[in-house]
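Reader: I would like a close look at a single part of this model. Please take it slowly.

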Amino acid sequence: MTFVTRLAFEPTESTSLRTDYVTVFIDGQRFGLEIGSVRDVFMAGAVTKVPLAPPAVAGLINLRGRVVTAICMRKLLRLPAERPAPGAMVVGIERGGESFGFIVDSVGEVVSVMDGDCQPNPLNLDPRWASFSRGIHWLSEGLLVVLDIDAMLAPSALAPALPLARETEP
Amino acid sequence: MDEILRDFVTETADSIESVDRELVRLEQDPNDETILANIFRLVHTIKGTCGFLGLNRLESLSHAAETVMSQFREGKAVTTDAVDLILATVDRIKLILRSIEENAVEPDGDDGDLIRSLERTAGDVLPGSDDEIVDVSEPIALPEPELPAVAASKAANAENAPDAGLPKRRSSNAAQSQSIRVPIDTIESLMTMVSELVLTRNQLVEISRRAEYPEFKTALQRLSSVTAELQERVMKTRMQPISTAWQKLPRLVRDLCAELGKDIELELAGADTELDRQVLELVKDPFTHLIRNAADHGIEMPHERRRLGKSPRGTIRISAQHESGTISIDIADDGRGIDIGRVAAKAIERGLVTPAELERMTEERIARFIFEPGFSTMASVSHVSGRGVGMDVVRSNIELIGGSVDVRWTKGQGAVFTIKIPLTLAIVAALIIETAGQRFALPQSAVVELVQPLASAEHRLEKVRGSWLLRLRETQIPVVRLASILGIEDPQSAPTPQEGFVVVIKLGKRVFGLAVDAVFHTEEIVVKPLSGLLRSLSVFSGNTILGDGAVVLILDPNGILARLGDQTGQGRGERDETPRPRKRLHEEKSSFLVFRAGFGEAKAVSLAAVTRLEEVDMASIETVAGRKFIQYRGELIPIMQADEGMDLGSGIRPVLLFSDGQRTAGLVVDEIVDIVEDHFDVKPVGQMPGLLGTAVIRERATEVLDIGYWLASAHPDHPEGQAAGPAPRSRRIMLLEAAPFFRGMLAPVLKAAGYEVVALAEVDAAIGLLERGEPFDAIVADVEAPGRNGFDLAEELRAGHRLRQPPVIALSARGGSSVVDRARRLELADVVSKFDRPGLLDALAETLADAEALS
């Protein structure tokens, strides 16, 4: 039997055959964020922790009078992470009238790729990663995992990490 | 949309509101030319503009209405029917306007019905009289005896009306050209930019403090004052007079009168009181509810009023005034007041309170039941109100914005609902505090007092077995460290509360203390909402940027209180005046882990049962004798799938591990959805093995799994598992304790130890439950409360000769031989000190073991 997942890659409109992605690096892996969604890239100032928040929420950053909810990509992808320090690279996103910032290791150049070249998520991709990926591009310099911003900002993406923090022995 | 069309829509929407209002006035005072002239002019303008823009439906509707009105001006009697008809036309015009606003074109449709009725009403007078503006000086037929009164009111109206008649028209048009419409967004972004400006200014001030440039300082000072003024002005642009929320009320009252057959006059006072636009939006609905309520429940029928010697016409009076940073609005009626007997009867019927509890309550407290959800005293459900959805909505809407609603009444003479709301939500005075190295803002409105226990001998802070109590004058107040509520306490370096400050917070009747490390200053902060991702954190109400550019979170005292477990005691000796609704007794807050597995509804397990959550590679599952296992920390753990429809296949899946201390098992699921904490009512569903029942979680039906069953079926060879019966149920303990403080302190202790606890304040309630046959494994009862206490309960139990009598453990604060003697005579199981929590748990375990051995 099968069960439904929402990973199906949605082809973009045929009129725009190419899409530009801002590349970011997390733990050595290259990811792509659609350029139209990215509002700005900036270095984090002081990050205010939010007690009781899901661990992937790194905190709040003041970006020129706007309060940005910062999300640690490493935590989201279940990679080892340290508390984000001032100076961390943040990719700013606007969604539903709110400002979010994804904390990444570094930001690379903008790449332009053919939409038709996008490969579906391989079956053996880590399911958590797969839930945030819309597909994979094979670039000459390596793989580009296209990130699904809506999936990353879904409350369910952040919530389940909570019980993992419990350190009771079975 | 076309610019001209957009302007037309907004302007017409405004003028049509005034037509509404003016018509109601006209009906009350049909001979007032000024009102008539106003309405006529408004409708005439609408008609003219519609024609110009090619909006045919609107044009013919307003034309027909104008025809009828021009006849009023010629002296035709203003009848209720005619006004009804014009009001119906106004409603139609509003409908069309809304559609134009959305789609930028006039909707298709036919208004023949209305136009024909309007023409019929106008029928008996010469057609065409609508085209010319009628000479205002034309004599109007007035009934003789009323003449002096009418003349007086006419004069008053001419003076008061903002737009009195034709001569003043030019000047009002001139005034209109002085103002412009600005979209809300523009003002909001101005607000953000001003905040940024303030931050930059503050940074400059910092720099100037270090450097010595006299001329720089002068310029900076000027910048400072201009910035401050700018901030204030921008704030002011968000303010609107409260009358904008009142515009629809005269029409509402008129319609209510027609519907209910009552005669009601609406009086409005303090209409120019200004408040924040955002707050204004939020109070519109509560206003409507309260007026409906007053008209329907408060004001009597005219014949009844006459019989009572009142004027047959009832009055609803709304008045608003500023009151030290808040706005206070009274909605008063001169009706029958509140029938406490009926409210009390209904409260008992609804199970909100027991008769015994009711006896101790003040009338004010009983009256507050009308704000409970689903509460309505009307015998029959009327169209206007009485659906029982009004008053609790009013209360929750008002409380949402940090306001309060209260009611006073005099029997037979009327009731007054008083709403208190903050002037603005955008800026609040907040106390900046620090705990565990992090700053927070605490709204000043909830803070009653700051105490520094070290510095003061009269404010003693004492520890009672892990819980802090502050003695403040005559009362004792529970104190909790903010850092521990927020889960950011570092146990190694945490100072004791004595070393810091205690912020005393009052919410309604509840008082508690928050221990913090430092208190800085009070600051006016600009409130920004939290991201949707964080909105479930009820301990915060928003965030703000402080003068130094740092983002701080704004604490929500209500959320903190809820996290305290609703267990705060009241002042010394004060009886719990606000017993929680009785049905809540059995449904304490619980946390569930919600997940998906296979097809069908979401499933949930109690979070407390889950010891760990692992992600397991399905390929590593080993099958031994038809059963699945994984290797986990050197052990083989049986694994089950949460739903038979699941395809385990390959890949990594979340696995919930649970254990009862001896046996461990894992449950494979497809996806973890969420963790929710709330009151859940788990309803049993037939004989489904492994299922406790279903509960509505997040508005969705969710199957709640019985971990005990799964554990047993994972270990079929285990002695207990072979029985295959239901999982061992948890022990049910009755806690009888009159003092809310101790009740609040002990119930969580018992719960944490794994008992199911029913906490009660009264012996009668306890006996009631036992007589209904509710099973309890043991009773823990206070034996020192004045009046009836645990001893009385034990005596009644003995006298009743029940077959199955739960053992009773006596709780005593003082101890002493008299207590022990009496306990022995009554054959109580044990006597334990209230403060000895481990002692209580030991005694309970022993007693339960003894009882089991006996049976």
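In which crossing, left-handed or right-handed, does α3(B) pass α5(B)?

Author: This is a predicted model, in which local features need pLDDT of at least 70 and side-chain atom pairs count only at pLDDT 80 or more, while totals for chains, interfaces and linings use all residues. Residues are numbered from 1 along each chain as its sequence is written, and chains are lettered from A and ligands numbered from 1 in the order in which they are written.

The crossing of α3(B) past α5(B) is left-handed, a term for a near helix turned anticlockwise from the far one by less than a right angle. Helices here are DSSP runs (H or I, at least four residues), numbered from the N terminus. In chain B, α3 covers residues 56-73 and α5 covers residues 112-122. Their axes, which are lines fitted to C-alpha atoms over the stretch in contact, lie 9 Å apart at an angle of about 20°. Angles run from 0 to 180 degrees between N-to-C directions. The two helices are therefore roughly parallel, the term for angles under 35 degrees.

Contact requires C-beta atoms, placed from the backbone, within 7 Å. On the α3(B) side the residues include B:Leu61, B:Ala64, B:Ala65 and B:Val68; those they meet in α5(B) include B:Leu114, B:Ile115 and B:Leu118. By class, the contact has eight nonpolar residues, four polar and one charged. Ala, Val, Leu, Ile, Met, Phe, Trp, Tyr, Cys and Pro count as nonpolar, Asp, Glu, Lys and Arg as charged, and the others, Gly among them, as polar.

Elsewhere in chain B, helix α12 (residues 277-298) bends by about 30° at B:Val283, the bend being the angle between axes fitted to the seven residues ending there and the seven starting there. A proline, B:Pro286, follows within four residues.

Conventions. Parallel < 35°, antiparallel > 145°, perpendicular 65-115°, else oblique. Contact = placed C-beta atoms within 7 Å. Expected span 1.5 Å × (residues − 1).
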